[in-house]
Amino acid sequence: HGIVDAVAKVAAGNKPADVEALNACPIEGGTVKDFITAQTAVIGEKISIRRFEIIETAGRIETYLHMGGKNKQTGVILPAIDVPAGQCTDVELAFETCANIGGSGKPDAITVTVEILEGPGTVNGDSEKLSASMTPDPVWGWTPMSVTCYGITADTRIVIRSTQQGASGYFRWFLDDIKMTKTAVE
């Protein structure tokens with residue numbers, strides 16, 4: 001997932017208007033287009049950016065997101081938390097997921113994880129930056145999920161993503177009702 005994470009960070013930081021502008025953004029001494037071309041040579045599979053969307057919110061996203069596809073694992077980087085400089089906070093991150101049920105009538109075998117992608121903080125205590133995998137209920141309906149993130153600052157970037165990074169298959173899922181609630185400020 002390093003390729004996606006690197007490009008997502010560039011998109012979030014530069015807020016390009018379209019794919020052409022994203023491809024022209026700087027990354028690792030070149031452009032995103034150069035980076036993608038180089039990564040294609042490394043992994044031996046053609047990679048391209050066909051579309052993207054930057055979602056910014058001061059509260060919650062008012063629609064669900066349909067994630068994934070065949071051999072496509074996806075996630076969403078959450079907006080930064082407003083924490084005064086020099087302070088940190090603990091955050092309860094709650095959201096709902098639902099596995100896609102395709103024509104076979106069986107739900108896709110999706111698992112979801114929360115990760116501290118960048119900056120300080122841990123998930124569910126100790127020193128872990130990655131939560132345990134969470135599995136939506138195998139029926140059509142929303143499954144509530146939550147984790148606690150500790151020591152979060154304004155520099156922390158949290159991602160909710162599928163756990164099957166690099167795996168082949170159908171990993172389609174829905175994400176809704178993301179809520180981050182500060183539980184303590186230090």
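Asp-108 and Arg-172 join their side chains in a salt bridge, 2.7 Å from N to O (a side-chain nitrogen of Lys or Arg within 4 Å of a carboxyl oxygen of Asp or Glu). Asp-108 sits in the loop between strands E5 (89–99) and E6, and Arg-172 in the loop between E9 and E10 (173–185), so the pair ties together parts 64 residues apart in sequence. This is a predicted model, where local features need pLDDT of at least 70 and side-chain atom pairs count only at pLDDT 80 or more, while totals for chains, interfaces and linings use all residues. Residues are numbered from 1 along each chain as its sequence is written, and side-chain values use heavy atoms, with hydrogens and water left out.

**Overall layout**
- The protein chain has 3 helices and 10 strands (DSSP runs of H or I, at least four residues, and of E, at least two, numbered from the N terminus).
- Of its 186 residues, 38% count as buried (under 20% relative accessible area, with exposed over 50% and partly exposed in between, using a 1.4 Å probe and protein chains only).

**Strands E6 and E9**
- E6 (residues 112–118) is mostly covered, with 6 of its 7 residues buried.
- E6 pairs with E9 (residues 157–162) in the antiparallel sense over 6 bridges (pairing takes at least two DSSP bridges).
- Val-114 stands opposite Ile-160 in E9.

**Other salt bridges**
- The structure holds 4 salt bridges.
- Arg-161 and Glu-115 form one of them, with the closest N and O atoms 2.9 Å apart; both residues are buried.
- Lys-9 meets Glu-118 at 3.3 Å, N to O, linking helix H1 (residues 2–14) to strand E6 across 109 residues.
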